[in-house]
Structure formats: structure tokens, C-alpha cells
Amino acid sequence: MARTVSKTETWVGYAILLVLVVISGGILLKQSRYEQSIFKPTTFQTENPAKMTPPARSPADLIHYAPNPLTALTPPETFGPENLSDKINGKAELYLSAGFVNLDSQRFAIEDEPTAWMEAFIYEMDSPRGSYAVYSLQKRSEAAELDTGDFAYRTENALYFVHGSYYVEIVASVAQERMADLILSFGDNFIRKTTVGSEAINELILFPTKYLNKESISLLPSDAFGFQQFDSVFTAQYEVGDTELTAFLSQRKSPAEAVRLVESYTLFLIEFGGTELQSTLNIPGVKLVEIMDTFELIFSRGNILAGVHGAENRKAAEELALMLNQSLAEKG
């Protein structure tokens with residue numbers, strides 16, 4: 001991906017500005033990336049994790065996915081919503097907000113090279129959307145795309161992929177060709193032996209393809225752009241001329257809900273210092289807000305909420321909004 005600023009860096013800046021908003025009541029954040037600490041459980045999750053009981057089943061033994069010459073280095077472990085943070089401290093909120101069910105993990109070592117080991121993390125989510133949300137927001141910048149599973153990439157010492165409602169990470173202690181091959185074999189075995197349903201994520205094809213960085217599409221489970229009513233929001237990065245832009249869309253339950261969210265988000269921006277401007281775009285019901293020297297365009301088409309977030313160039317933002325509206329008309 002050719003990007004000047006990493007997803008993590010911009011989300012951290014976003015979170016800092018959000019804290020300043022709460023403190024002063026007069027500052028609105030300007031950035032638009034993911035920060036794990038601001039996510040909270042939403043409609044992705046069917047139960048309150050605080051009320052969920054520990055998993056009744058025994059930990060899954062992952063050894064039957066391990067190719068030779070891998071042997072079990074540790075016993076299998078299982079974690080539920082109530083103790084996930086014990087295993088992945090600092091990241092649990094993201095998984096919980098995306099509908100986390102349970103995590104199975106286990107370490108394996110190469111039999112004749114015990115210092116070379118890998119650990120498999122099998123996250124079961126409550127839907128393919130949940131697994132894709134985690135995958136997209138955890139994606140490393142040095143990723144090399146693969147055909148494994150529904151979505152997949154590898155790094156120097158790890159494999160990450162989605163298989164139905166499962167999000168899988170396999171991370172090795174060493175970066176070596178032999179271990180990399182074993183990791184891929186483990187992943188292939190898991191996919192081959194694990195039956196999942198088929199559920200398409202239709203929003204992925206709704207973004208216009210011109211100027212699109214395809215690898216940048218992410219799914220924000222909750223609190224997108226600091227707005228609590230924005231859940232299940234897809235974002236994508238574009239380069240229009242020399243301007244980087246963020247487009248977003250979200251499928252809502254009805255056209256009425258989409259219209260209501262356009263109004264609510266506009267009021268949210270105005271409340272924190274934004275100024276609504278008159279838009280000349282030929283998009284019914286479009287809202288244009290200038291805030292902190294950036295522009296927000298928000299509109300709805302049918303039951304789809306869409307727009308351009310945090311744009312520094314109004315003309316480029318309007319061009320992208322028109323493209324997005326046209327794409328929704330053709331594909332939505």
C-alpha cells in the first residue's frame with residue numbers, strides 16, 4: 001500500500017483529539033483512523049460480555065491442524081469474552097465490539113528445532129462481518145496478499161486470514177523459510193477441515209473503483225469517527241490528485257434510518273464547532289459541513305448511508321462524493 005501515514009498512527013491522533021473534545025466541549029477531532037480503546041460492544045454483539053458465563057466446552061486441541069514436524073509445545077487454551085483481555089491485553093475491546101465468541105490458542109515447536117515455535121490464535125466471531133472487521137483493522141502495513149481463505153495476507157513471520165466467521169493469526173518466533181511453509185500448511189489444514197457458511201459482504205463492491213486503494217477497505221464495528229450512532233461503517237482510502245480522502249458507507253435497516261443518521265451526524269458536527277455550508281452537488285439530501293479546516297459530506301441513497309470524511313480539499317471531496325453516489329446508484 002502506498003500510504004504516507006499508517007492506519008494506527010492516524011487513529012491514535014484521532015483518539016487524542018476526541019479526548020480534547022470531551023474535556024473542552026469545543027474541539028472536534030480531525031483524524032479518522034482506528035484506535036482500539038474507543039470501541040465498545042454494539043449491535044455486532046448479541047450479549048453483554050459482563051453477563052456472559054465462561055465457555056462450557058473444553059479447550060480445542062489444535063494439534064490436528066499442525067503439519068509434521070510440528071509438535072505441541074503448550075496445552076490448548078480457550079478464552080471467552082469475560083477473560084479475553086488475559087490473553088490479548090489492550091486489544092480485547094476491538095474483538096468484543098466485533099462480536100467475539102471465543103479464542104482457541106496453542107503453541108507448537110519444530111520437533112528437531114525446539115527454539116523455533118509458532119502460536120495459533122483461532123478467533124471465532126459471531127459473523128463473517130465480525131471476522132472481517134478484526135482482520136481489516138489489524139492489518140499490517142507490510143502485508144503481502146494471499147489467496148488463502150476469504151481474505152488473507154502474510155508478513156515475514158506470520159499468517160493472517162478470514163475463514164467464514166473465524167479470524168486466524170499464526171505467528172512464529174522466527175522468520176525462516178521452513179517455518180513460513182509450516183505456517184501456511186497449518187492455515188490450509190484449518191480451512192480444509194473447518195466447514196463454514198457462505199455470507200457475502202456486499203458493501204465491499206459498492207465503493208467506486210477509480211482512485212481506490214483496494215487494500216485499505218476497513219469495517220469499523222462501532223463509534224465510527226467518534227459518533228456513537230455510527231456502527232458497521234465501511235471506510236476506504238482514495239487518492240484524488242495529490243489529496244488523500246476517506247470515503248465511507250453503511251447499510252442501515254431502512255431508508256428512514258439512513259436519512260435520520262445523516263441529520264444526526266450533521267448536528268453532531270455542528271455541536272462541536274462545525275459550520276453547515278450550502279452544497280451545489282446533485283445529490284438529494286446531501287449535507288456539507290466545514291470543521292477544523294476539513295470538510296464532511298454526508299448523504300443517503302436508499303438504505304445506504306454514505307459520505308466523505310475529514311477531507312482537506314473541498315473540490316476533491318465533492319468529486320469523490322459524486323463518484324460514490326453514482327456507484328451506489330449502479331451497484332446498490
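Select Asp104 to begin: this residue sits in strand 3, residues 100-110, where helices (H or I, at least four residues) and strands (E, at least two) are DSSP runs numbered from the N terminus. The model is a predicted one, in which local features need pLDDT of at least 70 and side-chain atom pairs count only at pLDDT 80 or more, whereas totals for chains, interfaces and linings use all residues. Residues are numbered from 1 along each chain as its sequence is written, and side-chain values use heavy atoms, with hydrogens and water left out.

Asp104 counts as buried because its relative accessibility is 8%; buried means under 20% relative accessible area, exposed over 50% and partly exposed in between, with a 1.4 Å probe and protein chains only. Now show Thr78, whose side chain makes a polar contact with the side chain of Asp104 at 2.4 Å. A polar contact is a pair of N or O atoms within 3.5 Å; within protein, one must be able to donate a hydrogen and the other to accept it, and residues adjacent in sequence count only if both atoms are side-chain atoms.

Next, select strand 8, residues 166-172, where six of the seven residues are buried. Strand 4 (residues 113-125) runs antiparallel to strand 8 and is joined to it by seven bridges, two strands being paired if DSSP finds at least two bridges between them; within this pair, Phe121 stands opposite Glu169. Strand 7 (residues 158-163) also pairs with strand 8 in the antiparallel sense, over six bridges, and here His163 faces Tyr166 as its opposite residue. Strands 7 and 8 form a hairpin with two residues between them, and Gly164 in the turn has a positive phi of about 60°.

Then select helix 4, residues 128-138, in which 11 of 11 residues are buried, among them Arg129, Tyr132 and Gln138.

Finally, colour the open sheet of seven strands, whose order is 9-10-11-15-14-13-12 with antiparallel pairing. Its edge strands are strand 9 (212-220) and strand 12 (275-277), each of which pairs on one side only. Strand 11 (residues 243-251) is joined to strand 15 (residues 304-311) by six antiparallel bridges, and Leu249 stands opposite Ala306.
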